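Here are my notes on the model you sent over. Have the structure open while you go through them.

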Amino acid sequence: MVFSSPTFLLFFAVLLLFYAGARNYRERAAVILVGSLIFYASWKPVYLVLLSASVSLNYLIYSGLSATRSKPLLMAGLVLNLGFLGVVKYLGMLLDSFLGLGAWLDSPLIDAPPGWMDWALPLGISFYTFHMLSVMIDVYRGEWTHRISFRAWWLYVTFFPHMIAGPILRASELVEQLEDLQPLKAGNIRLGALIFMAGLIKKVLFADNLAPLADELFSHPGALDFYTAWLATTAFALQIYFDFSGYSEMAIGLALSLGVALPRNFLHPYTSRSVREFWQRWHITLSRWLRDYLYISLGGNRRGKARNMSNLMITMLLGGLWHGAAWTFVFWGVLHGAYLVLHRLLLDFYARLGVTAGSLASLALSWLGWPVTLVLVWVTWVFFRAPTFHDAWIMTAAMAGLSGVTDAPAVRNYMQVLVWASLLLVLLEPRIERGLKQGLQRWGHLHFSLRGAAYAGIVLALIFMGGSSQKFIYFDF
């Protein structure tokens, strides 16, 4: 079930009815847990077995860590979880690379039938693995001492709004809320519905309409000229933003309707004036996870400049690998790591020049940083989206004006208008959000019939103007 599908909306309405009829915490927790498992099983029921084994085994490891804070036990948990994640997610990529090396050497290393490495990745495995690992690491570090019951552990891992594609939460952000589930409140449902509707609009009206254009242009990289290459990359950059931020807002709205607050995952990332700021605004909970559990564990910036830059590169390389089992994702991470290292070097260079915060030179560099950041991030999206390095290099060459194409593919005017209007909307999003916050109180005072009519009008607009229904991009990660 996709959040934007009628099937899910019916599922959630039924879940709310059962939740409203629950008489105490135990029944409310049961409704959430059973509903979450039904939601997960709707994708592929067999993966419930894998999920159950993972959740139960990790609870045993967590319980042992709570009692002993044993480093060998923590290492066992890390090896088991990351090892299994590596097998199901990356073994195919490694074997495919091995076979490719044999073909390049004109000496097949093994004789493998076509498609023997193709298997479906368990939905949400990267996300729920990170959720459980964060608790274990926090317990070992002494940052989380609250005892989690087996029921609360299951709720924490499987809570359906965030389970499949985040936000990635620490135990301190969710467990205590799930241990104190309260009856439904009209105010939470109203605000949750508004947030969910904003995410639904992003997904259905923008992401799903931008997807066909991005797919079409990226499938013919050799036929693109300078303009259409930038159009294709902009279409995908906007598609993935509207798709993933839309999912995150829908998740936040769904959870809030049940009285559970989830943290924000996006904060206008395309208004960033440096790549460092971009990662403070894009997929915020993943950036925080990588910082707290990988970058800091490697030493952060505590062991000299050279080690700090190495830690940045390793963190972003592994962050790229987390996104997908392809070397293009690794290179995407390496590019972002290189950008972050360059940013650190530039800050040191500006400091030696005497450029201080608030000075005219600092302000000029800040404003110049915005278009430069957009260009740098757009280039990385090419490698994120392109199926092969060959396609990515052709696309980046076209973006640099090196394409020899003289007859670029025709793109309908309305598609171009959609892309550039969407980009303008994203850049104006902070102002729009401030205006919506100011009008939120007045919205709450409107008669319920007027609010209902407005929601109905939006739904009708989405039905007639929305793109073809697609799963969320991050479901593959």
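The numbered points below go through helices, aromatic pairs, charges over rings, the core and one proline.

1. Ground rules before anything else: this is a predicted model, with local features needing pLDDT of at least 70 and side-chain atom pairs counting only at pLDDT 80 or more, while totals for chains, interfaces and linings use all residues. Numbering runs from 1 along each chain as its sequence is written, and side-chain values use heavy atoms, leaving out hydrogens and water.

2. Start with helix α9, residues 186–218. Helices here are DSSP runs (H or I, at least four residues), numbered from the N terminus.

3. How does α14 do on the span check? Its 27 residues should span 39 Å, and its end C-alpha atoms are 39 Å apart, which agrees. Gly354 follows α14 and has a positive phi, near 85°.

4. On to the rings. Rings of Phe, Tyr and Trp (its six-membered ring) pair if their centres lie within 6.5 Å; planes under 30 degrees apart count as stacked, over 60 as edge-to-face and the rest as tilted. The count comes to 54 aromatic pairs. One of them is Phe331 with Phe389, edge-to-face because the centres are 5.8 Å apart and the planes at 80°. This pair links distant parts of the chain, 58 residues apart: Phe331 is in α14 (residues 327–353) and Phe389 in α16 (residues 389–399).

5. Phe389 also pairs with Phe383, with centres 6.3 Å apart and planes at 55°, so this one is tilted. For burial, buried means under 20% relative accessible area, exposed over 50% and partly exposed in between (1.4 Å probe, protein chains only). Phe389 is partly exposed at 30%, Phe331 is partly exposed at 25%, and Phe383 is buried at 2%.

6. Thr396 is buried at 17% relative accessibility.

7. Two charges sit over rings (NZ of Lys or CZ of Arg within 6 Å of the ring centre and within 35 degrees of the ring normal). Lys203 has its charged end over Phe472, 4.6 Å from the ring centre. Arg273 does likewise with Trp367, at 3.8 Å.

8. The largest nonpolar core has 133 residues, and Phe3, Phe8, Tyr270, Trp282, Trp381 and Tyr474 touch the most other members. Such a core is a set of buried Ala, Val, Leu, Ile, Met, Phe, Trp, Tyr and Cys residues joined through side-chain atoms within 4.5 Å. Helix α10 (residues 226–257) gives the most, with 17 residues. Tyr474 has contacts that include Phe127, Ile240, Trp282 and His323.

9. Last, Pro430 in α18 (residues 429–445). Pro430 is buried at 18%. Pro430 and Leu267 are 163 residues apart in sequence, yet 8.5 Å apart C-alpha to C-alpha. Beyond its neighbours within four places, Pro430 contacts His268 and Thr271.

Definitions and conventions: Helix = DSSP H or I, 4+ residues; strand = E, 2+ residues; numbered from the N terminus. Expected span 1.5 Å × (residues − 1). Contact = heavy atoms within 4.5 Å.
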